[in-house]
Amino acid sequence: MPVEITWWGHATCTVEDSGVRLLTDPLFARRLAHLRRRRGAPPPPEAAGADVVLVSHLHADHLHLPSLARLAPGTRLLVPRGAPRAVPGLARVAAARGLPVTEVVPGDEVDVRAGVRVRAVSARHDGRRLPFGPRIAPALGYVVQGSARTYFAGDTGLFEAMAAEVGPVDVALLPVGGWGPYLGPGHLDPVGAARALAALAPAAAVPVHYGTYWPIGLDAVRPHEFHSPGEEFARRARQLAPKVTVRVPGHGERVRLP
């Protein structure tokens with residue numbers, strides 16, 4: 001059975017595998033602090049429907065409390081170990097909405113339903129709650145192991161052990177940009193993401209974490225960093241990983257892979 005991926009924008013995706021819906025880093029807001037959503041309508045209410053939510057790290061555009069508050073009671077949250085202590089609001093939202101929380105570190109495996117398991121893997125990223133949060137919770141990626149093996153990288157830079165730690169995968173959801181005109185350390189641009197793709201060698205890949213949010217007032221500053229990363233990743237992937245099928249969905253588009 002193929003896996004189905006719906007990209008809602010930024011790092012938010014629904015992964016459907018073997019009848020299980022997994023939602024990554026839900027962010028449903030039109031505006032977040034100095035960022036506004038510039039492309040794609042906010043996800044519809046059904047986007048919040050999930051059996052499991054995978055939270056990669058504590059930045060507010062990945063661990064977004066108002067978006068978590070839209071989840072149905074009983075939705076399970078997988079979060080980096082230490083997240084409830086670092087972000088007290090997480091525990092409050094989880095308690096108010098009846099969301100069971102499981103804290104994980106790289107190497108942990110969690111059975112979410114018969115036939116579907118999630119494994120936490122490392123990411124190279126400053127995953128603390130900014131601007132002053134403690135460094136007590138690691139940034140993570142996740143591998144969903146069902147009828148297919150789907151790697152959600154979260155936010156990460158390229159690191160030497162990535163392919164070895166992630167292991168064989170069928171689908172890779174890779175960040176290829178950001179929400180501003182410049183990327184700092186711990187991020188992948190289209191070239192870095194294509195190099196990661198060449199090392200991972202999945203059957204298929206989808207670029208994420210680009211082309212959705214942008215700082216207010218900076219529309220004219222390096223606009224290519226907003227518009228082009230998805231297609232640029234696909235172009236670079238054809239050069240560096242020609243055997244991998246790359247799909248570049250629009251906001252809210254569902255694709256079936258591999």
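The buried residues of helix α5 are covered by elements that include β12 (149-152), α4 (162-166), β13 (171-175), β14 (204-208), α7 (229-240) and β16 (245-246), where helices (H or I, at least four residues) and strands (E, at least two) are DSSP runs numbered from the N terminus. Within α5, which spans residues 190-200, the buried positions are Pro 190, Gly 192, Ala 193, Ala 194, Ala 196, Leu 197 and Leu 200; buried denotes under 20% relative accessible area, exposed over 50%, and partly exposed the range in between, with a 1.4 Å probe and protein chains only. The model is a predicted one, in which local features need pLDDT of at least 70 and side-chain atom pairs count only at pLDDT 80 or more, whereas totals for chains, interfaces and linings use all residues. Residues are numbered from 1 along each chain as its sequence is written, and side-chain values use heavy atoms, with hydrogens and water left out.

Helix α5 is followed by Ala 201, for which phi is positive, near 55°. The loop between α5 and β14 also holds Ala 203, which counts as partly exposed because its relative accessibility is 35%. When residues up to four places away in sequence are not counted, Ala 203 touches Val 169, Asp 170, Lys 243, Val 244, Thr 245 and Pro 258, contact being defined by heavy atoms within 4.5 Å. Ala 203 and Thr 245 are 42 residues apart in sequence, yet their C-alpha atoms are 6.2 Å apart in space.

The strands β4, β5 and β15 form an open sheet in the order β4-β5-β15, with antiparallel pairing; two strands are taken to pair if DSSP finds at least two bridges between them. Its edge strands, each pairing on one side only, are β4 (31-32) and β15 (213-215). Strand β5 (residues 35-37) is joined to β15 in the antiparallel sense over 3 bridges, and Leu 35 stands opposite Pro 215 of β15.

Overall, the protein has 7 helices and 17 strands. Its radius of gyration is 17 Å, close to the 18 Å that the globule rule gives for 258 residues, so the protein is as compact as a globular protein of that length; the radius is taken over C-alpha atoms, and the rule is 2.2 Å times the number of residues to the power 0.38. Buried residues account for 55% of the 258 residues. Among contacts between residues at least 6 apart in sequence, 68% join residues at least 24 apart.
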